[in-house]
Amino acid sequence: MEEEVTSGGDNIVAEFNTYEDFLDSQIKPIDLFYLEDEELARQVVELGYRGSGEVLKREEFEARKQAAEASRLSKRSQQKTLASSGKELKDPFLKALAHREEANRSGKMTTIIFIRDKNARGQEISGYVDYAHRLKTEDFEPYFGARKRLLPRPSDLSFYNWETQTSTSNPTPNYQVIAENASGLLFKNKRDRKIINVDPKVTTPGDNSTRTVIETCKYVQAVIYDHITRRKT
């Protein structure tokens, strides 16, 4: 019941710019005929003696008006923050990144993206990208706008050029690279020190981690490793 009243109040504050406009909407011609005073008619409505709509005190109307404006500004701010906001995404890879953008920006999740494809020179490259780190250091709007392709770089967590045999690995604010390991490449999360094993042969990549293969025609291969960090209480 309370939710219905709140929803009604939200509709009221959205419909009327001022409290006086709200009161005037409930004043009937007959009220003005008998009272002969617009201000007095407003007071009668405010006290709940006249009018068929919800009774709202000025303080409550103003409070709801401010809350509605704050909510509007918050949504606008979020839209500006999220590079994927408002984009009509068709590619499964971009949809997957958009689905994880807010969580990676807020620190709820640290996603590692494996990409294998060809660079602008036609050379086959592959690598592991710290999505959260790249979001903070690069504008992703061109990627979500399909004007630019996300590819691994020598500065990412791991990079390999299959033609030149160039191989690099770099730590990021979120992950430490463990390259000297018999089972292959490992990444250690710096917050909870959990290990992410990116070997596709293992059943699970690690604690609080999942592996998702993305079927997309935009890349030769794309795999996403999501790691949820458990905060210490």
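Me: Two strands pair if DSSP finds at least two bridges between them. In what order do the six strands of the open sheet stand?
Reply: This is a predicted model, in which local features need pLDDT of at least 70, side-chain atom pairs count only at pLDDT 80 or more, and totals for chains, interfaces and linings use all residues. Strands (E, at least two residues) and helices (H or I, at least four) are DSSP runs, numbered from the N terminus. The pairing in the open sheet is antiparallel, and the order is E4-E3-E2-E1-E9-E8.

Me: Which strands are the edge strands?
Reply: An edge strand of this sheet pairs on one side only.

Me: Which residue in E3 stands opposite Gly127?
Reply: Strand E2 (residues 124-130) and strand E3 (residues 158-161) run antiparallel and are joined by four bridges. The residue in E3 that Gly127 faces is Phe159.

Me: What angle does the direction of helix H6 make with that of E1?
Reply: Helix H6 (residues 92-106) packs on the sheet, where it touches strand E1 (109-118), E8 and strand E9 (221-228). Axes are lines fitted to C-alpha atoms, for helices over the stretch in contact, and angles run from 0 to 180 degrees between N-to-C directions. On that scale, the angle between H6 and E1 is about 155°.

Me: Why does Asn197 count as buried?
Reply: Asn197 lies in strand E7 (residues 195-197), and its side chain reaches the backbone nitrogen of Asp199 at 3.0 Å. A residue is buried under 20% relative accessible area, exposed over 50%, and partly exposed in between (1.4 Å probe, protein chains only). Asn197 is therefore buried, because its relative accessible area is 14%.

Me: What is the average pLDDT of the protein?
Reply: The pLDDT is the predictor's confidence in each residue, from 0 to 100. While 70% of the residues score at least 70, the average pLDDT is 81.

Note on methods
Residues numbered from 1 in each chain as written. Heavy atoms only, no water. Polar contact = N/O pair within 3.5 Å; in protein donor to acceptor, adjacent residues only side chain to side chain. Contact = heavy atoms within 4.5 Å.
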